[in-house]
Amino acid sequence: MNPYYPNLLSPLKVGNVTLKNRIALAPMNLRELDHNGGLTERDIAFCERFAKGGVGLITIGESCVGRETGSSESFMLRINNPGAFNSLCDVADAVHRWGAKVSIEMSHAGALCIPENNFGHLPMGPISYVKPSGIQVVEMTEEQMEQVAEEFGDAALTLKNAGFDMCMFHAGHGWLIHQFLSPRTNKRTDKYGGSVENRVRFPMMCLDNIRKKVGKNFAVDMRITGDEIIEGGYHIDESREFIRYLAPYVDMIQCSTGGIFHPDATARMSPPVFYEKGCNVHFATAIKEVVDVPVSCVGGINEPDQMEGIIRENKADLIVMGRGLICEPDMPNKLAQNKLDEINRCLRCNECHNRLFAQGWFTCTLNPTVGHEIDNLHKFNKPVEPKNVVVVGGGPGGMMAAYTAWQQGHKVTLIEKKDSLGGTISFSDHVDFKVDMAYWWHQMERKIAKTDIKLMLGTEADSKLIDSIAPDVLIIAVGADPVTPPIPGIDNPKVVLGAKMYDEAHDFGKKIVVIGGGMVGCESAVELKDRGCDVTVVEMLPRVANGSGEAQTNSIRVGLLGVKTMVNTSCVRVTDEGVWVKPADGEEQLLEADSIILSAGMRSRSAVVDELMKATVPEIYNIGDSVTARKMGNAIKEGYYTAMNL
């Protein structure tokens, strides 16, 4: 028994498989295939990294069971493709080397398919209809249902033969099986529609075929949407009804929430910072009350003590994390050794989602190594001759550069003009939904304090100071300053720079106007709304959070509920009464305001950079916002790799 987390790190029996602990990787994969249609070396290294970090179970993400139908994307793994088999064997072997178990999420996209990804076949689902795109969805016949059921069974058998420990039957999130379970999408009038008993017939047909093909001694997990969240969908009481029919076929149930069928449901599926941590756990607990198999929970969980409590209090049997483990793949091993202060806590910023769907691989604000598992395995060694390194700027990028350079054996001096580290993220101490960002900042402070890094706080660096230290390497991470646009009256005392609104105490009053609807402006608006203020965001562009990915935009939409937003609207002037604005299709109007928050973007401190560049140093690197204003993750990643490459 582990002395620190005796419940979370205890074994769990799932069918005939024993997981070494109660921590599992949520179904995920990289959006790529090799030339045979199988997993790539990078896919396998990605999975192995989490196994090395100590998780009990790894589930590879959505993979298609159909041979010619069922794929929602061109790069979706087809389990029954013979060309994929060797890669499945390889990933099972890689995961097993570290004592973890491996599964795969077997899915069919149903009505969400498109013909070009499915050999020209039209998508099929519970009912016939025409999508907004003009593509016809075909109502499934009984023969087609039987064919898909056969393919689910064949896929499970393929996984068993490849050395997998179990498989996952995906019955949630809006894909084909869920389409049959949901009254929103299943409008059939035959024996496969209407009552719960009818809507479970096709899912039962698939599970029955899986069991016939793999037998009783191959573990079957099932992922469900415990509650669809939105009006017209089913809720937890109804899912408890249909789960009674399906549970006898499976050895474990993963209870998720929401899905891809509505923005509100998608936001709840991967809860952003505006939802409480573990906001979906109670759905798993409700399912657990009506079944005799283990039930796992997933969604916005990142705190070890909360995880331990969920298992101890019998709310769920297994903690499933995606973003939390992307951020900290070594979490299980660090928990086992009680190294809590070394564990990154996921910010729930959804940067990982944005990068995956935009560019095909994961990234993380706090973990610069994710997605580069092969490179980091072979590329970096500690230098033979340590260097004298000076880092100027104690924000996220500077802290990461200094700490990483020290870990690599270099002598490091960190110079910061303020009296404390943190830089632009020091505001996070004052915002409830930024608690994990504040945690990371103070965690980095504690880590640096335990080293022999020389800290020069309250020190303005210039080229003369750098020359007096005579370093081998200078890393410039001086960040950016807020932009002040040439709006008449912008110097009014009512105007507070968003980037500095927490630097000193302010009585913002009741009515607030935020100029600038980027992520920083939107988050400032959310925080002020949470204080009880009446907030309006004014943005020149057609949408707020412009430039953020879909996942982040959907997340901020949740936070902005209760905030008025005006897009395609310019600020004409600021007066003592408030802000005069002009919508693109309207007349000028006054937005009365007690305070005005200016969040019009950031501009790199180029003059400071130019001055530091005058120093006589063999190697000089400029990183983060002092190159150009971007996201926190860019600074951290550049700080890490700059230091690793020295």
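Trainee: At what angle do helix α7 and helix α9 pack, and how far apart are their axes?

Mentor: Two packed helices are described by the angle between their axes and by the distance between those axes. In this predicted model, helix α7 (residues 236-246) packs against helix α9 (residues 281-288) at about 40°, and the axes are 10 Å apart. Angles under 35 degrees would count as roughly parallel; α7 and α9 are therefore oblique to each other.

Trainee: Is the crossing of α7 and α9 left-handed or right-handed?

Mentor: The crossing is right-handed. On the α7 side, Ile236, Ser239, Arg240 and Ile243 make the contact, and on the α9 side Phe283, Ala286 and Ile287 do. Sorted by class, this contact has five nonpolar residues, one polar and one charged.

Trainee: Now the sheet. What is the order of the strands in the open sheet of three?

Mentor: The order is β6-β8-β7, and the pairing is mixed. β6 (124-125) and β7 (129-130) are the edge strands, each pairing on one side only.

Trainee: How many bridges join β7 to β8?

Mentor: Two bridges do, and β7 and β8 (residues 136-139) run antiparallel.

Trainee: Which residue forms a salt bridge with Arg31?

Mentor: A salt bridge here needs a side-chain nitrogen of Lys or Arg within 4 Å of a carboxyl oxygen of Asp or Glu. The count by this rule is 37 salt bridges. Arg31 forms one with Glu73, with the closest N and O atoms 2.6 Å apart.

Trainee: Where in the chain do Arg31 and Glu73 lie?

Mentor: Arg31 is in the loop between β3 (23-28) and α1 (41-52), while Glu73 is in the loop between β4 (57-64) and α2 (85-96). The pair is 42 residues apart and links distant parts of the chain.

Definitions and conventions. Residues are numbered from 1 along each chain as its sequence is written. This is a predicted model: local features need pLDDT of at least 70, side-chain atom pairs count only at pLDDT 80 or more; totals for chains, interfaces and linings use all residues. Side-chain values use heavy atoms; hydrogens and water are left out. Axes are lines fitted to C-alpha atoms, for helices over the stretch in contact, and angles run from 0 to 180 degrees between N-to-C directions. Helices (H or I, at least four residues) and strands (E, at least two) are DSSP runs, numbered from the N terminus. Angles under 35 degrees count as roughly parallel, over 145 as roughly antiparallel, 65 to 115 as roughly perpendicular and the rest as oblique. A crossing is left-handed if the near helix is turned anticlockwise from the far one by less than a right angle, and right-handed if clockwise. Contact means heavy atoms within 4.5 Å. Ala, Val, Leu, Ile, Met, Phe, Trp, Tyr, Cys and Pro count as nonpolar, Asp, Glu, Lys and Arg as charged, and the others, Gly among them, as polar. Two strands pair if DSSP finds at least two bridges between them.
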